[in-house]
Amino acid sequence: MSSTRNNISAMIEGALCIALSVVLTKINLFKMPNGGSVDLELVPLMLFAFRHGVKFGVGTGALFGIVKILTGGYFFNVIQAFLDYPLAYAFSGLSGFKIKILGVLMAASGQIISHVISGAVFFAEYAPAGQNAWLYSLIYNAPVITVKYVLSGFIAMILCKALNSLVPPKKN
């Protein structure tokens, strides 16, 4: 019974984090010309992963990716949509790894890889003439995602420490 109650509590907290991420995705600190932006949408997802671990974090991130598609995501192909939304945001859950800095690094790396593959395969026409599409996609995506993870990870770690002192996470 206690495990079921803890899982339900985690699911409710995850849903609230997804909702907050949807709101935060609308507040852009910096917008890229061909899509993508620096915002704080990852803060609630990372905070959730810090508190509940990788398993719940990955699931919540993937669900956020689906919600993001439904609330205005840009896609034209099922594979591209999967790479840019559910898979890319599922990686945010890796930030729940026991060693937080390593988890954030793995999460950022996973999301970069997902977006680079999508960019090189589906958006190659945006690469300047003569430039390799894979290199262009890496140059376009990596800095923005890195800044998002560094900024969001820092904020989420501070919030997690404060939140855990007020409401410790339940053991799932």
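Start with the rings: a search of the whole structure finds seven aromatic pairs, where rings of Phe, Tyr and Trp (its six-membered ring) pair if their centres lie within 6.5 Å, with planes under 30 degrees apart counted as stacked, over 60 as edge-to-face and the rest as tilted. This is a predicted model, in which local features need pLDDT of at least 70 and side-chain atom pairs count only at pLDDT 80 or more, while totals for chains, interfaces and linings use all residues. Residues are numbered from 1 along each chain as its sequence is written, and side-chain values use heavy atoms, leaving out hydrogens and water.

Select Phe64 and Tyr89. Their ring centres are 5.0 Å apart and their planes at 85°, so the pair is edge-to-face. It links distant parts of the chain, with Phe64 in helix H2 and Tyr89 in helix H3, 25 residues apart (helices are DSSP runs of H or I, at least four residues, numbered from the N terminus). Phe64 is buried at 0% relative accessible area, and Tyr89 is buried at 4%; buried means under 20%, exposed over 50%, partly exposed in between (1.4 Å probe, protein chains only).

Next, select Phe123 and Tyr126. With centres 6.3 Å apart and planes at 35°, this pair is tilted. Phe123 is buried at 17%, whereas Tyr126 is partly exposed at 41%. Ring pairs join both to Tyr74, Phe76 and Phe122 in a cluster.

Finally, select Leu42. Leaving aside residues up to four places away in sequence, Leu42 touches Tyr89, Ser92, Gln111, Lys148, Tyr149 and Ser152, contact meaning heavy atoms within 4.5 Å.

Key
Helix = DSSP H or I, 4+ residues; strand = E, 2+ residues; numbered from the N terminus.
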